[in-house]
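Hi everyone, thanks for coming. I'd like to walk you through one structure today, so please bring it up on your screens and follow along with me.

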Amino acid sequence: MAAITDIELHLHYVLQQEGVHQMDAKVHNECEKQFLSALDVLKSYTGDFHVEVKVPTEGGVVDEFIIHLLPNGNEVVFTILSALITYYFTKKSSKRDNILKGIDIVEKIKSGSLTEEEAMQLVANDRKLKKIISNYYSSVEREPRVIQIETSSNEIGTNPKSVRKKITRQEFQTHIIETDTNETTQVIEGTTISILSPILQKGHGHKWNGIYSGKTISFKIDDKDFLKQVYNNEVKFGAATIIKCNLQIRQKTTNVEGDTTVKEEYEYIVKDVLTWADDEHYQNETKRYKRIKEEKRQLSLFPDEDF
């Protein structure tokens, strides 16, 4: 049997109106970009291969690619590519895929003994592929004329193998990852931050670094009066400089569908700096804090009265 050196790959965007061969250019370009990115992910399993685009044939909008395998290329390229087409260009089932052990997969790919079922599990559990394909379908959904996508992959050579799959517009959504994002904001009044690296000059960055509640954080300072004191060299920073402040903490939690990992992001903003202290200058009040205290004192001298 002659060695397989090339694989033909077809993506056929079936349009609503027969005889029409055009679709939104931005949508098409984004879909092509995402699909080529998916092929690049496969290289991490199969080794390198070269992809060329062919002049498309008639019938809706058709993308045609030729995948040239490198000399001594991995024999499982077609198996994994077929799994990609089968899994991501048919309706996704609700059945949870078994996750294969990484070491077993590596050995099977090297030996060329990876089965079709194992290849399906491989592409189904690759997080990069999931995200790329989700972006692909999110893009193609924006073109209402596309009602179906038909795909085929064919080996070129003696006794070649082939695979053909299709997915309808109603099934695109099964491959789009849903994300659930929640944001919460709280202000901690009168807390302290140990300063590690301040921004001493205006226009040289916005994030300070410090230690809050036992961990290193990057934070912005919104207190313009305090920043003016810093830029005017009125505030001295040493190895043990701390600030007492009102700190706003914004927490963003993202939960991705089908993923047990919950991503948490934190944003720290110092709204008011009340005092600053170090080894030599202890408990210096900022100008803003002095003004706030004076305003409170004045109010206490003139309580609300009925006239």
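**Rings, charges and a few loops**

Let's start with Lys215, which lies over the face of Tyr266, 4.9 Å from the ring centre. Before I go on, please keep in mind that what you see is a predicted model.

Stay with Tyr266 for a moment. Its ring also pairs with that of Tyr268, and the two are stacked, with 6.2 Å from centre to centre and 20° between the planes. In case you wonder about those two values, a pair of aromatic rings is described by the distance of the centres and the angle of the planes.

How many aromatic pairs does a search of the whole structure find? The search gives 12. There is also an aromatic cluster to look at, formed by Phe35, Phe65, Phe89, Tyr136, Tyr137 and Phe172. And if you liked the lysine we began with, here is another one to find: the charged end of Lys43 sits over the ring of Phe49, at 5.2 Å from the ring's centre.

Now let's zoom out to the whole protein. You can trace seven helices and 11 strands. The chain has 307 residues, and 37% of them are buried. Taking the contacts with a separation of 6 or more, 68% are between residues 24 or more positions apart. As for the surface, the protein exposes about 18,500 Å², and carbon and sulfur atoms supply 48% of that area.

Here is one example of two residues set apart in sequence. Find helix α5, residues 127-140, and pick out Lys131. Lys131 and Gln34 are 97 residues apart along the chain, and their C-alpha atoms are separated by 9.5 Å. Lys131 itself is partly exposed, with a relative accessible area of 48%.

Next, the loops. Between β8, residues 215-221, and α6, residues 224-231, you will find Asp223. Is Asp223 buried or exposed? Asp223 counts as buried because its relative accessibility is 0%. Its side chain reaches the backbone nitrogen of Asp225, at 3.2 Å.

Most residues other than glycine have a negative phi. Ser213, however, has a positive phi of about 50° although it is not a glycine. You will find Ser213 in the loop between β7, residues 208-212, and β8. At 64% relative accessibility, Ser213 counts as exposed. The second residue is Asn233, again not a glycine, with a positive phi of about 65°. Asn233 is in the loop between α6 and β9, the strand at 242-256.

What is the count of disulfides? The count is zero. If you want to look at individual cysteines, Cys31 is buried, at 0% relative accessibility, and Cys245 is buried too, also at 0%.

To recap, we started from Lys215 over the face of Tyr266, took in the stacked pair of Tyr266 and Tyr268, and ended on the buried Cys31 and Cys245.

How values were computed: Residues are numbered from 1 along each chain as its sequence is written. This is a predicted model: local features need pLDDT of at least 70, side-chain atom pairs count only at pLDDT 80 or more; totals for chains, interfaces and linings use all residues. Side-chain values use heavy atoms; hydrogens and water are left out. Helices (H or I, at least four residues) and strands (E, at least two) are DSSP runs, numbered from the N terminus. Buried means under 20% relative accessible area, exposed over 50%, partly exposed in between (1.4 Å probe, protein chains only). Contact means heavy atoms within 4.5 Å. Accessible areas come from the Shrake-Rupley method with a 1.4 Å probe; for residues, only the protein chains shown count as cover. Rings of Phe, Tyr and Trp (its six-membered ring) pair if their centres lie within 6.5 Å; planes under 30 degrees apart count as stacked, over 60 as edge-to-face and the rest as tilted. A charge sits over a ring if NZ of Lys or CZ of Arg is within 6 Å of the ring centre and within 35 degrees of the ring normal. A polar contact is a pair of N or O atoms within 3.5 Å; within protein, one must be able to donate a hydrogen and the other to accept it, and residues adjacent in sequence count only if both atoms are side-chain atoms. A disulfide is a pair of cysteine sulfur atoms within 2.5 Å.
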